[in-house]
Amino acid sequence: AGSTAVLQRSRGAQTRTIPVMTERSEWTRIIEEDPEHSQRYIQRFRGLAAEGFDLGGEARLVDAMAGRGSRILDAGCGPGRVGAILFDRGHDVVGVDGDPELIAAAEEDHPGPAWLVGDLAELDLTASGISEPFDVIVCAGNVMAFLAASTRRVVLERLRMHLSDDGRLVTGFGAGRGYEFDSFFEDAEAAELRIDLRASSWDLRSLREDSDFLVAVLSRI
């Protein structure tokens, strides 16, 4: 079973649909079983923000990695939490997520970046008129672990395709979610990405054998 990949500008631009069937992601399966899941997710993070919780750890790392005014892709952006902070710090931000409800929330809560609906396994931003590569791509929020197993390597290849020659991809996800860290490293190598840094947290604590979270910084080989 699969879903039709769609990549579109969410604000009024012409919709471009790519009629390719890909295996459904774990996120899609959750939504099919629980149609209210996306709205609960949105409200959860709105509530945390209203209570003053620190939700900017990933963005702080990416901002430190990027030169001023960098082009940044927030891959699997959800309701825009990371990309919005980076936009406010002066970067040129594009966010892509396969869940239209999350993109709608990003537009409502964080106007400014280009928020797009799209399947990362079919990512081709030239179809939406975005041809310049990115200095940094961030893939936070356990996005890699939510991917269908058959699309993990493809997604890494697609993200690599959108990196500038000296650009970097930074991603983080937790253990125990069906995607072993060693398997991720193998997929990255197969996608011609070099692992430049392996850490266990967004504040770059060392990765150990018993670490339950991975943050990896990758670049083109």
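## Charges over rings

A charge sits over a ring if NZ of Lys or CZ of Arg is within 6 Å of the ring centre and within 35 degrees of the ring normal. In this predicted model, Arg198 lies over the face of Phe185, 4.0 Å from the ring centre. Arg71 has its charged end over the ring of Phe134, at 4.6 Å from the centre of that ring.

## Aromatic pairs

A pair of aromatic rings is described by the distance of the centres and the angle of the planes. Searching the whole structure gives 8 aromatic pairs. One of them joins Trp27 and Phe146, with 5.3 Å from centre to centre and 85 degrees between the planes, an edge-to-face arrangement. This pair links distant parts of the chain: Trp27 belongs to helix 1 (residues 26-33) and Phe146 to helix 6 (residues 143-146), 119 residues apart.

Tyr179 and Phe184 have ring centres 6.0 Å apart and planes at 80 degrees. Planes over 60 degrees apart count as edge-to-face, so the Tyr179 and Phe184 pair is edge-to-face.

## An aromatic cluster

Which residues form one aromatic cluster? They are Phe173, Tyr179, Phe181, Phe184 and Phe185. Phe185 is also the residue whose ring face lies under Arg198.

## Buried or exposed?

Buried means under 20% relative accessible area. Trp27 is therefore buried, because its value is 14%. Tyr179 has 1% relative accessibility, so Tyr179 counts as buried. Phe184, at 0% relative accessibility, counts as buried too.

Note on methods:
Residues are numbered from 1 along each chain as its sequence is written. This is a predicted model: local features need pLDDT of at least 70, side-chain atom pairs count only at pLDDT 80 or more; totals for chains, interfaces and linings use all residues. Side-chain values use heavy atoms; hydrogens and water are left out. Rings of Phe, Tyr and Trp (its six-membered ring) pair if their centres lie within 6.5 Å; planes under 30 degrees apart count as stacked, over 60 as edge-to-face and the rest as tilted. Helices (H or I, at least four residues) and strands (E, at least two) are DSSP runs, numbered from the N terminus. Buried means under 20% relative accessible area, exposed over 50%, partly exposed in between (1.4 Å probe, protein chains only).
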